[in-house]
Amino acid sequence: MGLKSNSMKDTLSELDIKVTKTQHSKLHEVDFNNLAFGSIFSDHMLVSDYINGTWQTPEVVPYQPLTLDPSSKIFHYGQSVFEGMKAYKDENGEMWLFRPYDNCKRLNISCKRLAIPELPEAFFMEGLKTLLKVDSDWIPTTPGSSLYIRPFVFATGKGFHASPAKEYKFIIATAPSGAYFSGKVKVLIEQKYSRSANGGVGYAKAGGNYAGQFYPTQLAIEKGYNQVIWTDDTSHEFIEEAGAMNIFARIGDTLITAPTSDRILDGITRKSLIEIAEKEGIAVEVRRFSVKELVAAAENGTLKELFGAGTAAVISPIAGFGYNGKDYDLPEQDDSYATKLKKIVTDIQYNRSKDPFGWRMKV
Ligand code: PLP
Ligand code: COI
């Protein structure tokens, strides 16, 4: 990997990014009609190293394994953050991104919280565009599929001392992907474990946040649910997130979602859906909502929909939830907000409609 010193932080263009192409493309091995989520990886990746106090000019190289010292701090102290985004191809073969600057900003918010040096925006944006142009044939065009993009940063610096590393690696890897969930999901409202706490790292996309979710989620799966609904860490009385998604409830004809906080990821899908819903004339309330309110609405028939929202899953309708040993089923909706909002947001993402919000960016 080249370690060319970077003295052009703010002026970097795609032309400055060295590209080394693979001699062994795996493209012909991919069945684009049967794509799982995030399990096969495109031919190339973007890499930049943080050395001597500077992020080095990124390069596109063949997708390959990494060699790391066993004392690298990522293994011991979990200094690792990531992003999730998608590239879409339209009917004319043009490539599109959705609000990519927001992902770049959020990556740096996460970096800051984990004491990782922030990345110059141009490295992320120009690097990503270069990578996508090199691997443009990997963006699927089969319905419902896209190229999932995973930017991540982690500590490569060595040593058992519990302090921030001096060296890091930034990588963008991509994976042609189909749906994250197949069908509706059944969720369990969590009453014991917490995903995050005030003053913690819940608002960052830190790898450790997800590791901490696996065990409680496994317990929920053993009980027959697909996902956990996270509640606030102090009382477990308020609904916060749905696994790796933000959560929306439709009570009557009002759409409700929890406000972002220290504990909740400021989801790009969530904030887009709020804007779309408001533009469509749907009443939206961004406020705390309690499990009690949800259960009461399920019991009196006003809880019409519950759905998760995130980049990977887009909108994931929830078929029912479990709480206090009891299961509550949600009715099928003819005029589902989830279906309506999903159509509008994906039409913008795939360039099938106008984009009145200016969210779509051509690669
Ligand atoms: N909440 C959590 C914990 C997540 O991991 C994600 C996924 O990225 C989201 C919410 C949704 O965020 P976004 O819509 O930006 O993908
Ligand atoms: C995303 O929605 O992009 C996420 O990052 C969720 C991930 C854990 C699959």
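Tutor: It's helix H4, which supplies five residues, the largest share of the lining of the largest pocket. This is a predicted model, where local features need pLDDT of at least 70, side-chain atom pairs count only at pLDDT 80 or more, and totals for chains, interfaces and linings use all residues. Residues are numbered from 1 along each chain as its sequence is written, chains are lettered from A and ligands numbered from 1 in the order written, and side-chain values use heavy atoms, without hydrogens or water.

(Helices, at least four residues, and strands, at least two, are DSSP runs.) The pocket has a volume of about 660 Å³. Of its 33 lining residues, Tyr180, Lys205, Tyr210, Ala244 and Met245 are closest to the centre. A pocket here is an open set of points on a 1 Å grid over the protein atoms alone, found with a 1.4 Å probe, with protein on both sides within 12 Å along at least five of seven lines; lining residues have an atom within 4 Å of a point. By type, the lining splits into 16 nonpolar, 11 polar and six charged residues.

Strand E13 (245-251), helix H5 (268-279) and strand E16 (303-310) are the elements that give two or more residues to the shell around ligand 1. There are 16 residues around the ligand (a heavy atom within 4 Å), and Lys205, Tyr210, Glu241, Thr269 and Thr311 come nearest. You've met Lys205 and Tyr210 already, among the residues closest to the pocket's centre.

Tyr210 has a side-chain N or O atom 2.4 Å from a ligand oxygen. For Thr311, a polar side-chain atom sits 2.6 Å from an oxygen of ligand 1. Ile268 uses its backbone instead, with a polar atom 2.8 Å from a ligand oxygen. On its own, ligand 1 would expose 390 Å², and the protein buries 96% of that (Shrake-Rupley areas, 1.4 Å probe).

Note on methods. Polar contact = N/O pair within 3.5 Å; in protein donor to acceptor, adjacent residues only side chain to side chain. Points joined across faces, edges and corners; volume = space filled by probe spheres on them. Nonpolar A, V, L, I, M, F, W, Y, C, P; charged D, E, K, R; others polar.
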